[in-house]
Amino acid sequence: MALTAAIILAAGEGSRMHSSKPKVLQEFCGKTFLQRVMASVAALSPQSLSVVVRYQSQRVAEAASSYQESVNIIQQDEIPGTGRAVQCAVEQLSQAGHGPLTGSILVVASDMPLLDSQTLRQLLDQHERSGHEATILTACLEDPTGYGRIIRDSQGQVLRIVEQKDANSNELAVKEVNSSVYVFEAKTLIEAIAGLDDQNAQGEFYLTDALEAARAKGSVGAYQAEDPLSVEGVNDRIQLSRLAKLHNQRVCEEWMRKGVTILDPQTTWIEDDVVLEEDVTVLPGCFLQGNSQVAHDAVIGPYTTLIGARIDAGAQVERSRVEATNIGKDASIGPWTYLRAGNDLGEGSKAGAFVEMKKAHIGQGTKVPHLSYVGDADLGEHSNVGGGTITANYDGVHKNHTSIGSNVHVGAGNLFVAPVEVGDDVTTGAGSVIRHQVPDGAMVYSENTQHLVEGWKPEWER
């Protein structure tokens, strides 16, 4: 159905998070609450999408605009409550549209990180079919503590929503809860919010009170979400941890059903945008984040973090951190290796133990076995870099480039002072400091005389 407007409520502080940033900007599986909710709502293609802000309003507004440029930012005044937030939104939207709103309006809380577009579509479809003045998204929870309860009459029709602080013992026993997601007919919503007051335990303008006005005009329906997790809110870090773990378990199980081996889902964390092919193996203690992609027969872990990495077929990444790096087929990474953003490692290449790389291109079959730093550098094919080698790329002002050719044998403990270029088929001696261009086929070394002092003792022993 056509959706006239969608209003996302993001004005609250979320004091129970005990954080310097608003609750809606807390992260869940790599994205903020607000980002996730906005994406689900935007998938419905509303004619207008608005976010209501108040606490740290500029910070929240900037985040919302970064997620979607066309979003309307609604500033709530100091009068508290979800009802007041919707009053502000409807007033500003009516002024922007130069007339009263018509059609259906979706109102969504922003602290439900697993709210999905499919559930919202089902809510909208039921609202359209039923002809209700308003429809509530509900869920049945084993532990409804903290949620407003859905109170129905003997025929099952929605009578009202009672907030926990205002509920009696019988009402507290109800397990069907309000998700704080509603669809209203615009005319009904405008009339209902006009009569709100703050005569309740919290002294706020409740949007839930508008449902009683809607019921007086016609009927109020409810759509019970098929997946209770999709409507669970997060108020503190305990709830955040619990919900993240439940969601991650589902993600791991989904990948295992598609042919991925995950040895220990309890210690494996996979974010939503990660893509894994069949016959990938993920060992314990791994974090796969961002838009990382892992091709078939690759082995990740144990204890590995991928952030926006591309891992080709048959590659192995062990006990390492890999950021925004492309790793070629059958390459070997780790253990204890840090690949910072911008690397490209070719087929059959290697970045061994205690290696760090940044903006490095490593050719096919080239190996950087251990204890080395390669930054802002191009290495050709089938070269070998001795342990303890460093590309000195920073001169105090600029990052400079190092180029090392193919079939090069770099001795242990070399220092390449960038900018410098080394040709193909070069051999360098151990401990060399390479400052100038080396032509193809050359051998280069630095003179370093060894001195011997026999019978020497430190001063304290003498």
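Analyst: Happy to. Let's start with P335, which is placed in the loop between β24 (332-333) and β25 (337-339). One thing to keep in mind throughout is that this is a predicted model.

User: What kind of peptide bond joins G334 and P335?

Analyst: The bond joining G334 and P335 is cis, and omega is about 5°. The peptide bond from G301 to P302 is cis too, with omega near 5°.

User: And where is P302 found?

Analyst: P302 is in the loop between β18 (299-300) and β19 (305-307).

User: While we're on the backbone, what is phi like at D297?

Analyst: D297 has a positive phi, near 65°, and this residue is not a glycine. You'll find D297 in the loop between β17 (293-294) and β18.

User: Is D297 buried, partly exposed or exposed?

Analyst: Partly exposed: the relative accessible area of D297 is 43%. Then there's D376, which also isn't a glycine and has a positive phi of about 50°. D376 is in strand β30 (residues 373-379).

User: Why does D376 count as buried?

Analyst: Because its relative accessibility is 11%, and buried means under 20%.

User: Let's switch to pockets. How much space lies in the largest pocket?

Analyst: About 1,400 Å³. Its lining is made up of 40 residues, and those nearest the centre are R16, K23, T82, D111 and N235. Elements giving two or more residues to that lining are β1 (5-10), α3 (82-96), β6 (104-109) and β10 (176-185).

User: Which of them gives the most to the lining?

Analyst: That's β10, with 4 residues. By class, the lining of the largest pocket has 15 nonpolar, 17 polar and 8 charged residues.

User: OK, how about the second largest pocket, how much space lies there?

Analyst: The second largest pocket holds about 660 Å³. It is lined by 25 residues, with R36, L114, D116, H247 and D272 the closest to its centre. Two or more residues each come from α1, α4 (117-130) and α8 (237-257), and α8 gives the most, with 5.

User: How many charged residues are in that lining?

Analyst: There are 10 charged residues, along with 8 nonpolar and 7 polar ones.

User: Where does the second largest pocket lie relative to domain 1 and domain 2?

Analyst: It lies between them, because domain 1 (3-237) and domain 2 (250-444) both give residues to its lining.

User: You mentioned α1. Why is it described as largely enclosed?

Analyst: Because 7 of the 10 residues of helix α1 (residues 33-42) are buried, the rest of the structure largely encloses it. The buried residues are F33, L34, R36, V37, M38, S40 and V41. R36 also came up among the residues closest to the centre of the second largest pocket.

Technical notes: Residues are numbered from 1 along each chain as its sequence is written. This is a predicted model: local features need pLDDT of at least 70, side-chain atom pairs count only at pLDDT 80 or more; totals for chains, interfaces and linings use all residues. Side-chain values use heavy atoms; hydrogens and water are left out. Buried means under 20% relative accessible area, exposed over 50%, partly exposed in between (1.4 Å probe, protein chains only). On a 1 Å grid over the protein atoms alone, a cavity is a set of points where a 1.4 Å probe fits but cannot get out, and a pocket is an open set with protein on both sides within 12 Å along at least five of seven lines; lining residues have an atom within 4 Å of a point. Grid points are joined across faces, edges and corners, and a volume is the space filled by probe spheres set on the points. Ala, Val, Leu, Ile, Met, Phe, Trp, Tyr, Cys and Pro count as nonpolar, Asp, Glu, Lys and Arg as charged, and the others, Gly among them, as polar. Domain bounds come from an automatic or database domain assignment.
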